[in-house]
Amino acid sequence: MSAAAGSGRILVIGDVMTDVIVLPEGPLVRGSDRRAAIRSRPGGSGANQAVWLGAMGANVTFVARVGAADRAQLTGYFEGHGVSPVLVGDAGQPSGVLVTIVDPDGERSFLTDRGANLNLCREDLPLPLLDGTRQLVVSGYSLFAEGPRDAVLWLAAEALKRGIAVAVDAASVGFLKEVGAAQFLDWTRGFSTLFANREEAEALSGVVELDQQMRVLGATYARVVIKLGADGAAVGGAEGVLLRQAAPVVEVVDSTGAGDAFAAAFLAAEVAGAGVGECLRRGIAAGSEAVQRVGGQPG
């Protein structure tokens with residue numbers, strides 16, 4: 001993938017997880033066995049975005065809380081992937097773990113233990129992090145628990161006061177339904193960009209049709225980017241769909257992290273000066289690349 005380096009820094013706040021990816025040979029058999037390929041990969045939505053950004057040559061800083069025992073190893077890992085990590089070691093909780101069960105068509109179901117991520121606090125996000133930052137990226141997962149939500153929304157408010165763009169990825173349709181669409185929209189009102197997949201956009205907007213989703217969500221966000229999986233993606237806002245592009249036909253191995261790759265490529269291109277059409281093209285290309293490999297990060 002071509003580099004998309006830019007002078008402005010992208011600051012990513014989100015989870016670090018270990019993804020345990022299970023690819024069963026067929027449907028699960030309740031109370032019995034099913035052969036499966038099981039792989040462990042580095043993951044977490046924020047971490048995925050940061051590593052994809054690093055692979056694209058972006059100037060990226062990633063902030064997260066991890067188990068204290070893992071801090072040194074994870075710091076080296078992110079540095080090796082072109083990311084400037086600011087990792088806070090948690091003495092009381094281990095790093096998070098996500099178990100992903102992948103269906104034969106590539107769709108996923110998740111079991112999540114967020115571990116140390118749940119203890120992210122304002123002290124972990126000092127305001128000097130915003131110095132030189134052009135784009136703040138917030139994972140929706142950071143908003144679904146009170147402690148991280150308080151910290152992230154506080155930093156996001158400070159960023160907006162400074163004229164720094166703030167993007168949020170809706171992250172999880174299950175958690176969106178749990179907290180309620182109105183609550184999520186209230187938390188993130190005024191953010192610069194929403195990234196959502198088709199199901200998340202429907203949950204947040206309450207409507208099915210794409211143009212109407214854009215119009216509804218455009219009342220909360222300056223820009224709405226909806227990822228449509230095999231159908232590509234679209235960008236718009238209060239005026240409806242402004243641009244839609246198709247995706248190439250590829251073999252789907254594992255869709256884990258495809259949305260993170262999309263968001264990273266879109267924002268890296270924008271910070272590097274690309275127009276919205278090119279941002280959308282690069283986002284779709286990155287998402288299409290991501291689904292052809294196991295795991296949520298580039299190799």
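**View 1. Cysteines of the model.** The count of disulfides, taken as pairs of cysteine sulfur atoms within 2.5 Å, comes to zero. A disulfide is a covalent bond between the sulfur atoms of two cysteines. Cys121 is partly exposed, with a relative accessible area of 22%, whereas Cys279 is buried at 1%. Buried here means under 20% relative accessible area, exposed means over 50%, and partly exposed lies in between (1.4 Å probe, protein chains only). The model is predicted: local features need pLDDT of at least 70 and side-chain atom pairs count only at pLDDT 80 or more, while totals for chains, interfaces and linings use all residues. Residues are numbered from 1 along each chain as its sequence is written, and side-chain values use heavy atoms, with hydrogens and water left out.

View 2. Arg223 lies in strand S11, which comprises residues 223–227. Strands (E, at least two residues) and helices (H or I, at least four) are DSSP runs, numbered from the N terminus. The relative accessible area of Arg223 is 17%, so this residue counts as buried. Its side chain forms a polar contact of 3.0 Å with the side chain of Thr193. A polar contact is a pair of N or O atoms within 3.5 Å; within protein, one atom must be able to donate a hydrogen and the other to accept it, and residues adjacent in sequence count only if both atoms are side-chain atoms. Leaving aside residues up to four places away in sequence, Arg223 has contacts (heavy atoms within 4.5 Å) with residues including Ser192, Leu194, Val235, Phe266 and Glu270.

**View 3. An open sheet of four strands.** The strand order is S3-S2-S6-S7, and the pairing is mixed. Strands S3 (36–43) and S7 (108–113) form the edges, each pairing on one side only. Two strands pair if DSSP finds at least two bridges between them. Strands S2 (residues 17–24) and S6 (residues 96–102) run parallel and are joined by six bridges. Thr18 stands opposite Val97 in S6.

**View 4. Nonpolar cores.** A nonpolar core is a set of buried Ala, Val, Leu, Ile, Met, Phe, Trp, Tyr and Cys residues joined through side-chain atoms within 4.5 Å. The largest has 43 residues, and Phe62 and Phe78 have the most contacts inside it. Among the elements that give two or more residues to this core are strand S4 (60–67), helix H2 (71–80) and helix H8 (258–271). Helix H8 gives the most, with eleven residues. A second, separate core of 39 residues includes Ala156, Ile164, Leu204 and Met214.
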